[in-house]
Amino acid sequence: MALTYDAAGAPDFSAYLKDRASGRPSLELLVRGARCASCLGKIERAVQALPGVGEARLNLTTGKLTVGFRTVAAADPGRVIAALERLGYPATPYDPGQAAEAADREGRRLILALAVAAFGAMNTMMFSVPLWAGLFGQELGPATRTVMQWWCAIVATPCTLYAGLPFFESAWRSLKVRRANMDVPISIGVLLTLAISFSETLLRGPDAYFDAAVSLLFLLLIGRWLDHQLKLKARSAAADLLALQAPAATVLTPDGAEHRRPLSEIAIGDLLLVRPGERLPVDARIEAGASQLDNALLTGEALPCAVEAGGLCRAGALNLTGPLQVRALARSEDSAVAAVARLIEAGAQAKSRYVRLADKAAAIYVPVVHSAALLTFLGGWALGLGPREALLRAVAVLIITCPCALGLAAPAVQISASARLFRRGVLVKSGAALERLAEVDHVVFDKTGVLTEGRPRLLDAAPADVARAAPLARASAHPLAKALAAEAGPGPAADQVTEHAGLGVEGLVDGRRARLGRAAFAGATDAAGGETELWFAVEGEAPVRFSFSDQLRADAASTVQALRRRGLSLEILSGDLPGSVAAAADACGITVWHAGLSPQDKAARIDALKAAGRKVLMVGDGLNDTAALARAHAAMAPGSALDASQNAADLVFSGEELAAVAESLDVARAARGRALENFGFAALYNLVAAPAAMAGLINPFVAALAMSGSSLVVTLNALRVRIDRSRR
Amino acid sequence: MSILMMLAPMSVFLGLLGVAGFWWTLRNRQYEDPAGDAARILLDDPEDRPL
């Protein structure tokens, strides 16, 4: 983007303005690089000083800047973005969407329920302590006991009914469709406990469990809230990644003005401008201009292909060298991406059928516990306990075995596992994703952009030549020139540079005319390859050749070894040519590879592996991988991947290191281990507690101790996942 | 023992005050930007006070 703001030539971002109808429009921007108090003050002061801006507030936690404008006419998002750019903070318009806001309301309701339950648990406990003392022979007359019980009832009943609402509603929803989820036994247990405690209080008996009912909800709400936070964090981080890709396109109107529009507003027949470095927003025909397109994310081919006016190009291709004017042939939803999206949907449905660990445990646990309670009641009555005592014992069984440990076990493990991965730059989309990743026994890699860096790197060249060509290379946006400039390091750019679309750049180096580009453009005659080389020529000298290749990631081979050590088999599925796939496979030590595959071929191969009983982890970044990503048992994508691929993946890793794959696998397996330990502990606990309750050994004090004790053990065990042994 | 009849409601009332206070901070969106609020107190600009 230009360094100085020029109202006529800048793209139009007005489609991102919110609340235009109210007359005071606002804009949300995702600002990168703001970290400290001085950034915050600098950004807010600079934006507030702009004409037409009423207020600006930066949320340092999420990196979102909200700008309020005074009037619709004065609202100019482009000016704000340009001002931020000048300060050194790149900004992208951000559309938070309604889903995120709704989820936030749900979160606020959960935390309020948690606060009410905490209040209820603590205050009921205050009245329960004298009651417990009475159980151990301390002086407590029946009259005082009943007063204390009534106080418990007054505090605990409204709190339980309010804090239990999330569980009651969820249980009701699942009963309406004739299914039973975990919330059904919880709701039954809590309501039955309240009812029996009331009857005990009225009948002046000793066994009122008001404190158990409300503290049970408190512990369960902690688990529920942790689970909600995990989903919310993953969703907003995923939305941030997509916002950085700025799903907007530049539309040219007949009078030559440029308007920046969201993809959904592009109609068939619109004339679009695609600058070098931008992706084609929709399937289109080229009207004017010549350039090279990088189809790597679409087909997996590493080499760019040349296009000119009249040619067809597909959504997702990256424009490399010259600006293109293209005519839209399809709407965004109908573009090449959409065909793949349907394949993704089919895969996503298969994944939603996956039964989570906690639900598997609940499926065994619920019938066992409920029949045990029923048996206690019937058996106790038959053995002559009397209906009241028999019912009390049955309720004690329900309370003492209530699935606190189960409800807390899985979310606590998953939130600490994903927090550890988040610090490492890996984004986990859901808890179920971690569970699936832990079960994987076969890993499938895409080549371009996953095993390799997905961008060219300069092969051995004389440093003197690199230094001479660098000023020209810095003036170009072509990926090969960028690779050359990166090799040379920072320095001045050449003067009087002109870019010849599809050919190269020309400019003054040391006062002499020089050219950098294709062989013919630089005056070389012995052109051999073409697409992966650059020629550099200074007036009156022989041209010099620079060649490039897509290098393997530095840790590709070591990651492959690490995965193999963990007992996984590996293979490569690539859309690229056999020669380059074989070379990459050889270099990183993978023996099984398939080249020249279409997206459907990849998906079919995944299906075949699934049919053979393998649990496949797919690691891919391109549009040609998305169907395979969606079908695989678990899927990972690098942060550089297309948004469609990131949507299909369960985990997204940022940064340059492929080692994130092995580490994610380790954390997922550790998390699974902790979760199973927790379930084992819960089973052991119930094995001891349930018979004790049946035998009538449980009183309200023991119930309170046992419940909070088991929840504490489960939570502490879950926190062990956070500890990273390899770093010490 | 009759002092309990006064102390118990008082303690519950104080607890309720706590819950009401927490509810107020939630409503005021005081948990939206912990990092920003920590940074804002370092700014010298008197107009830049927190909400």
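Student: In this predicted model, which residues of α6(A) meet which residues of α11(A)?

Tutor: On the α6(A) side they are Gly189(A), Leu192(A), Thr193(A) and Ile196(A), and in α11(A) they are Leu391(A), Leu392(A), Val395(A), Leu398(A) and Ile399(A). Sorted by class, the residues of this contact come to seven nonpolar, two polar and no charged.

Student: What makes α6(A) and α11(A) oblique to each other?

Tutor: The two helices pack at an angle of about 140°, with their axes 10 Å apart. Roughly antiparallel would require an angle over 145 degrees, and roughly perpendicular covers 65 to 115; the pair α6(A) and α11(A) is therefore oblique. As for its hand, the crossing of α6(A) and α11(A) is left-handed.

Student: Why are α5(A) and α6(A) also called oblique to each other?

Tutor: Helix α5 (residues 165-176) of chain A and helix α6 (residues 183-202) of chain A pack at about 125°, their axes being 8 Å apart. Since the roughly perpendicular range ends at 115 degrees and roughly antiparallel begins over 145, α5(A) and α6(A) are therefore oblique. Here α5(A) passes α6(A) in a left-handed crossing. From α5(A) the contact draws on Phe167(A), Phe168(A), Ser170(A), Ala171(A), Ser174(A) and Leu175(A), while α6(A) gives Asp183(A), Val184(A), Ile186(A) and Ser187(A). The classes in the contact of α5(A) with α6(A) are six nonpolar, three polar and one charged.

Student: Which element gives the largest share of the side of chain A that touches chain B, and how many residues of each chain are in contact?

Tutor: In total, 20 residues of chain A are in contact with 21 residues of chain B. On the chain A side, two or more residues come from each of α1 (37-48), β2 (53-59), α3 (97-135) and α4 (142-163), and the largest share, nine residues, belongs to α3(A). That side divides into 14 nonpolar, five polar and one charged residues.

Student: What percentage of chain A counts as buried?

Tutor: Buried requires 20 or more other C-beta atoms within 10 Å of a residue's own, and 46% of the 728 residues of chain A count as such. Chain A contains 24 helices and 26 strands.

Technical notes. Residues numbered from 1 in each chain as written. Chains lettered and ligands numbered in written order. Predicted model: local features only at pLDDT ≥ 70, side-chain atom pairs only at ≥ 80, totals over all residues. Axes fitted to C-alpha atoms, helices over the stretch in contact; angles between N-to-C directions. Helix = DSSP H or I, 4+ residues; strand = E, 2+ residues; numbered from the N terminus. Parallel < 35°, antiparallel > 145°, perpendicular 65-115°, else oblique. Left-handed = near helix turned anticlockwise from the far one by under 90°. Contact = placed C-beta atoms within 7 Å. Nonpolar A, V, L, I, M, F, W, Y, C, P; charged D, E, K, R; others polar. Buried ≥ 20, exposed ≤ 12 C-beta atoms within 10 Å, placed from the backbone.
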